[in-house]
Amino acid sequence: MARPRVAVFRPDDERIDDAAALLDELGAEPVPDPMLTVEPTGETPPDAEFVVLTSSTGVDILADAGWAPGDATLCCIGPSTADAAEAAGWTVDRVPEQYDSAGMVAELEDDVAGKTVALARSDRASANMPEGLRAAGAVVSETTLYRLHRPEDAGESAELAAEGRLDGAAFTSSATVEGFLTAAEERGISDHALAGLNDAVVGAIAESPAETARDAGIEVDVVPDEADFEALVRRVVERATRRE
């Protein structure tokens, strides 16, 4: 039986290498296609009563900069972010039940009226969280920890999908979905790439990227119960293997 060919879109650093190694360990043929490179801004969040972190990338950048939450209530949007924060030696106080902006607003809205809340995220973060927290009465500041760019040579997965040679894809953010679509458009293969992707097993790490994919006409087959990359990849590979 041929190994299923599965694309992953982690940032262009050791995470894409780790993702490829995980796919190989699970019996898939990896297609590492980084759609993002991370450019730290050098900024850190101001002192606040609540600090919200939304990615392990942000945690790593702040830890490397020597930042620490101090007496702030540290809020992390999901288990991977919380794990990274605890690995940095910080105490994580709040993790929402739903791992997205709406979940964080629901987690904090009863506690932040009149309180300062510092959001530390990427330049592509949505406005939903600051708007929701301000509506709850919080005094919100926003810090851009890093900017995300798409590597010029990204797009091997789009070419394989257009050729009908991709068995699975694991999207970890809305930005990776958009990167795939842009890469296909630049190559003039949008329709074929979309059709090929819809013949494959498509996974999204959470509802936000899943919604972005669906809005673009991509059929999403897998969304894990927890926003965990390994859980996502395992489920995509399992389903793609059953189809072989």
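Modeller: An unreviewed UniProt entry lists residues 18-233 as "domain: Tetrapyrrole biosynthesis uroporphyrinogen III synthase", in the numbering used here, with a shortened feature name and an annotation that may be inferred rather than shown by experiment. The model is predicted, so local features need pLDDT of at least 70 and side-chain atom pairs 80 or more, while totals for chains, interfaces and linings use all residues. Residues are numbered from 1 along each chain as its sequence is written, and side-chain values use heavy atoms, without hydrogens or water.

The end C-alpha atoms of the span 18-233 lie 12 Å apart, and 39% of the span is helix and 19% strand (DSSP runs of at least four residues, H or I, and at least two, E, numbered from the N terminus). Five strands form an open sheet with mixed pairing, in the order E3-E7-E6-E4-E5, where pairing requires at least two DSSP bridges. Its edges are E3 (37-40) and E5 (73-76), each of which pairs on one side only. Within this sheet, E6 (residues 116-122) runs parallel to E7 (residues 139-149) over seven bridges, and Arg121 has Thr144 in E7 as its bridge partner.

Turning to helix H3 (residues 79-87), Pro79, Thr81, Ala82, Ala84 and Ala85 are buried, that is, under 20% relative accessible area, with over 50% counted as exposed and partly exposed in between (1.4 Å probe, protein chains only). The buried residues of H3 pack against strand E4 (50-53), helix H2 (56-64) and E5, contact being heavy atoms within 4.5 Å. After H3 comes Gly89, which has a positive phi near 95°.
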